[in-house]
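Reader: I have a model open and want to learn how to read it. Please show me.

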Amino acid sequence: MMNQRYLVALDQGTTSSRAVLFTMEGQIIASSAYEFKQYYPQPGWVEHDPADILSTQIEALRSVLRQTGISPAEIAAIGITNQRETTILWDRQTGQPVYHAIVWQCRRTAPMVEQIEKDGASGLIREKTGLKPDAYFSATKIRWILDECGLQEKAENGDLCFGTVDSYLCWHLIQGHPHVTDATNASRTMLFNIRTQEWDDELLKLFRIPRALLPQVIDSAQYIGNLNPDILGTPIPVTAIAGDQHAALFGQACFEKGMVKNTYGTGCFMLMNIGNECQLSQHGLITTTAWRLNGVPTYALEGSVFIGGAAIQWLRDEMKLVQKAADSEGIAKDIDGNSGVYLVPAFTGLGAPYWDMYARGILVGLTRGTGAHHTVRAALESIAYQSADLLTAMASDYGSAPSALRVDGGASANRFLMQFQADIMNLQVQRPAVLETTALGAALLAGLGARLFSTLQETAAGWHIQDTFSPVMPEKERARLLRGWNRAIRTAEFWSSLAKEEEQEI
Ligand code: ADP
């Protein structure tokens, strides 16, 4: 036991598979990432080859050990975290997938979801799963594969397995082919009752999905089995699974109810720990299982901003206003204020708390003096305003505002953005030392699952905040900026309502 000093996170993401090696205190020793091919067979469709997912994940694991010279025998436990909702069906005998993985982003089953809504099943789904029916979630993807490949009978006979990516990895990486998933991943299928923490017969019937297809649902931290020795030569215990955003909430040590984290990536993902009672949102957010430990679920409210860091990519690639994303910080700081210029980056519609799929982006408040600086600043500010809107929705569902916001993700490196975020939310923003919170969460859960830690406090003993951003903006200024933002949002919604009206007239 004494020489087992490391924890490994397998972080299976949408564009790459990563392996990250941590000390028991949660410090990163090394990481390795392998990208894999994205398949776009039709507009709006996205697939992965499950064989690529598996091979890049194994390669990343081997590579991180090669890099460091650490022996597999020194690894105490492995945790898995993964892109959520992505759906794989495979043959129970051979392990061979029957179709490519249908990725969470894929819109192919949107018509199926519209039909479900027309049939009036939305309320039932929401009540049981905490989700707003959408093509993201696995249920309609499973239905599509069964229909497309004519596999209903085979599924009913128990000859097929369904799994999200965690499940597929466990089957292929662990001795004895366990067919499992954890409660966080199950919560994203639209088939799992988050209140009872069981697959739901009524939902299974609604989607005509046989129970025989489904994995056993386990805790987020528990012994699952040992890694196949042909991978590293040693049977290392695999002791945790959590969906990526859930792992990030854990990796931000948001263990108490009311704690919130926001990840600033291409989009932003905000999750709030709401404790052990399942609560539905009145403001367009979803409810999900944050994690399940010793059979006890902790719940979270979740909301996302579709265009977060992507607004900065847009400045760079389409508008050519910055050469690299990091330049946006200096440019935004160069001017005193936003001069009344607002960008609503509703390039793909507006998500929570607005939910307007027809909304499109607008840049408003322009004068003769408006230039590149204002546009760049407006783009950065828009990330903070959208996140603030999510936080306001969460706080009002939860009944009180959090005392701080914990941040991570690529754009959290931007000091202007973080200070503005603190100012506009009137809340302290805390940035931890380890920004790889998804991988860290999986590693810490693995430590917990291997009983190397006995309490959550012990689990996150090494976790600490590196930077804090405290609000300094006068209340009047904050209120003035938020009024401007609300006006901009209403303008974008007005534009979309006119477009809808015209469409109906034609
Ligand atoms: P993802 O995991 O979604 O690929 P990352 O966490 O890697 O995202 O973050 C990348 C995003 O962050 C990009 O959209 C990029 O434009 C943005 N970004 C990266 N660095 C900065 C920065 N210094 N300022 C603002 N945005 C940034």
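Reader: How far is a backbone N or O atom of glycine 410 from an oxygen atom of the ligand?

Author: A polar contact is a pair of N or O atoms within 3.5 Å; within protein, one must be able to donate a hydrogen and the other to accept it, and residues adjacent in sequence count only if both atoms are side-chain atoms. Here the glycine 410 backbone atom sits 2.8 Å from the ligand oxygen. The side chain of asparagine 414 places an N or O atom 3.0 Å from a ligand nitrogen. For the side chain of glutamine 313, the distance to a ligand oxygen is 3.4 Å. This is a predicted model: local features need pLDDT of at least 70, side-chain atom pairs 80 or more, while totals for chains, interfaces and linings use all residues. Residues are numbered from 1 along each chain as its sequence is written, and side-chain values use heavy atoms, without hydrogens and water.

Reader: Which helix gives the largest share of the shell around the ligand?

Author: Helices are DSSP runs (H or I, at least four residues), numbered from the N terminus. Helix 11, residues 310-317, supplies three residues, the largest share.

Reader: How many disulfides does a search of the whole structure find?

Author: A disulfide is a pair of cysteine sulfur atoms within 2.5 Å. The search finds zero. Cysteine 254 is in no disulfide either; the nearest cysteine sulfur, in cysteine 268, is 16 Å away.

Reader: Is cysteine 254 buried or exposed?

Author: Buried means under 20% relative accessible area, exposed over 50%, partly exposed in between (1.4 Å probe, protein chains only). Cysteine 254 has 0%, so it counts as buried. Cysteine 149, at 29%, is partly exposed.

Conventions. Helices (H or I, at least four residues) and strands (E, at least two) are DSSP runs, numbered from the N terminus.
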